[in-house]
Amino acid sequence: MARPLDQIAISETELAPFVNGNTQAGKAHALLEQQKGVWELLRNGYDTLRTVRTRAFEFDGFQIKVQFNPGRLTSTVAKVDAASIKVRKCFLCTENLPPAQRGIPCDGEYLVLCNPFPIFPEHFTISSVRHTPQLIRDSFAALLQLTRDLGSRYTVFYNGPRCGASAPDHLHFQAGNRSHLPIDAEYDLVKEKLGSRLVRSGVLHAYAFEDYLRRHVAFESPDATLLQRAFGALYEVLQDGGPAGEEPMMNILGFYTNGEWRIHVFPRAKHRPAFYFKEGDEKLLISPAAVELGGICTTPREQDFERVTREHIMEMYYEVCVSMDKFAGIKTRLASKLAALVA
Ligand SMILES: [Zn+2]
């Protein structure tokens with residue numbers, strides 16, 4: 001039977017026993033505690049997460065972690081081609097949510113839901129209440145707002161429909177503990193060492209990262225409107241020369257600290273690295289998306305976890321991120337657009 005939104009929306013009374021403080025982040029944390037008590041699939045997911053093993057690989061001033069997480073098999077090998085999507089029931093549409101699943105409504109547009117296949121100690125999916133395609137151009141403002149509301153505890157992230165979203169047909173973000181992602185802790189040092197400044201302005205900072213294994217752009221600003229315009233400029237640069245009407249491939253990680261956003265945009269060249277498609281011993285099931293670009297590579301198979309090397313990691317980022325040449329062009333064109341923006 002279809003469940004209307006008001007049955008899914010959890011009430012303040014139901015959350016009250018779990019809430020500590022009155023922030024949106026505090027409520028999300030409370031939702032997770034409530035849901036663990038009543039939703040078995042979720043509880044099992046978090047039990048599996050307790051068995052996770054991690055290896056850390058050190059690079060020049062930064063770290064990449066590899067996580068063996070058997071709970072991520074479905075997501076890692078998700079078929080996201082149009083035909084496969086067409087025949088499955090959408091798992092983010094409210095009428096298909098399991099009976100025990102509840103959520104926190106945000107502005108009548110989104111629902112904070114618990115992700116039953118966690119990578120983070122607290123992992124959420126924030127889905128649109130409508131079945132509408134995964135596209136960032138018109139939902140970037142929502143990403144900023146969610147990042148601000150949840151930022152004290154979580155990073156909010158976006159995976160493009162062709163590079164990591166397992167529901168490319170249903171608009172959604174995810175959120176997970178920000179302290180868990182290497183990129184958050186190492187950002188200031190990495191920026192100093194490897195970041196090149198793209199614009200000089202008091203209200204908008206933009207940096208390009210070339211030697212951080214995953215080439216990307218980071219924007220910092222306290223001004224949401226300016227960030228939207230800066231992101232719009234990058235979007236145009238990335239879209240140029242690509243297939244008309246198709247979103248350029250990208251993953252986004254959003255952080256909010258002391259009244260300022262920090263938004264990392266990772267332009268992509270490919271969805272999955274070559275080793276993903278190999279057979280036998282050469283195959284490694286790692287399917288990079290925002291979390292991987294943030295420094296945690298999950299693999300659902302133990303043999304891959306044991307076998308993965310530093311070289312594999314370098315090769316993977318090298319293949320799925322844009323080339324050095326392409327990135328140089330992106331930098332130049334973005335810098336001139338940003339200069340015009342803050343002039
Ligand atoms: Zn849907």
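The expected span of a helix is 1.5 Å times one less than its number of residues. Helix α8 (residues 182-194) falls short of that span: its 13 residues would reach 18 Å if straight, but its end C-alpha atoms are only 15 Å apart. This is a predicted model, in which local features need pLDDT of at least 70, side-chain atom pairs count only at pLDDT 80 or more, and totals for chains, interfaces and linings use all residues. Residues are numbered from 1 along each chain as its sequence is written. Helices (H or I, at least four residues) and strands (E, at least two) are DSSP runs, numbered from the N terminus.

**Overall build**

- The protein chain has 13 helices and 13 strands.
- Its radius of gyration is 19 Å, close to the 20 Å that the globule rule gives for 343 residues, so the chain is as compact as a globular protein of that length. The radius is taken over C-alpha atoms, and the rule is 2.2 Å times the number of residues to the power 0.38.
- Along the principal axes, the C-alpha atoms fill a box of roughly 55 × 50 × 40 Å.
- Buried residues make up 44% of the 343 residues. A residue is buried if 20 or more other C-beta atoms lie within 10 Å of its own, exposed if 12 or fewer, and partly exposed in between, with C-beta atoms placed from the backbone.
- Of the contacts with a separation of 6 or more, 67% join residues 24 or more positions apart. A contact means that the C-beta atoms of two residues, placed from the backbone, lie within 7 Å.

**The ten-strand sheet**

- An open sheet of ten strands runs in the order β3-β4-β5-β7-β6-β11-β12-β10-β9-β8, with antiparallel pairing. Two strands pair if DSSP finds at least two bridges between them.
- β3 and β8 are the edge strands, each pairing on one side only.
- The twist averages 25° from one strand to the next. Axes are lines fitted to C-alpha atoms, for helices over the stretch in contact, and angles run from 0 to 180 degrees between N-to-C directions.
- Strand β6 (residues 154-159) runs antiparallel to β11, joined by four bridges. Asn-159 stands opposite Asn-251 in β11.
- Helix α9 (residues 224-239) lies across β9 (205-209), β10 (216-221), β11 and β12. Helix α9 runs at about 165° to β10.

- β4 (residues 110-114) is mostly covered, with five of its five residues buried.
- Tyr-110, Val-112 and Cys-114 point one way, while Leu-111 and Leu-113 point the other way.
- In a regular strand the side chains alternate between the two faces of the sheet.
- β3 (residues 103-106) pairs with β4 in the antiparallel sense over four bridges. Pro-105 has Leu-111 as its bridge partner in β4.
- Three residues separate β3 and β4 in a hairpin. Asp-107 in the turn has a positive phi of about 55°.
- β5 (residues 123-128) runs antiparallel to β4, and five bridges join them. Ser-127 is the bridge partner of Leu-111 in β5.

**Helices α7 and α8**

- Helix α7 (residues 140-150) is largely enclosed by the rest of the structure, because eight of its eleven residues are buried. Among them are Phe-140, Leu-143, Thr-147 and Asp-149.
- α8 bends by about 55° at Asp-188. The bend at a residue is the angle between axes fitted to the seven residues ending there and the seven starting there.
- The buried residues of α8 are Ile-183, Tyr-187 and Val-190. Their cover includes β8 (195-199), β11 (250-257) and β12 (260-267).
- An α-helix has 3.6 residues a turn, so residues three or four places apart point the same way.

**Loop residues to look at**

- Most residues other than glycine have a negative phi.
- Leu-213 has a positive phi of about 65° although it is not a glycine. Leu-213 sits in the loop between β9 and β10. Leu-213 counts as buried because it has 20 C-beta neighbours inside 10 Å.
- Asn-258 also has a positive phi, near 45°. Asn-258 lies in the loop between β11 and β12. Asn-258 is exposed, with 6 other C-beta atoms within 10 Å.
- Pro-70 is in the loop between β2 (63-68) and α5 (73-76). Pro-70 counts as partly exposed, with 15 C-beta neighbours inside 10 Å.
- Not counting residues up to four places away in sequence, Pro-70 touches Thr-48 and Pro-300. Pro-70 and Val-52 are 18 residues apart in sequence and 7.8 Å apart in space, C-alpha to C-alpha.
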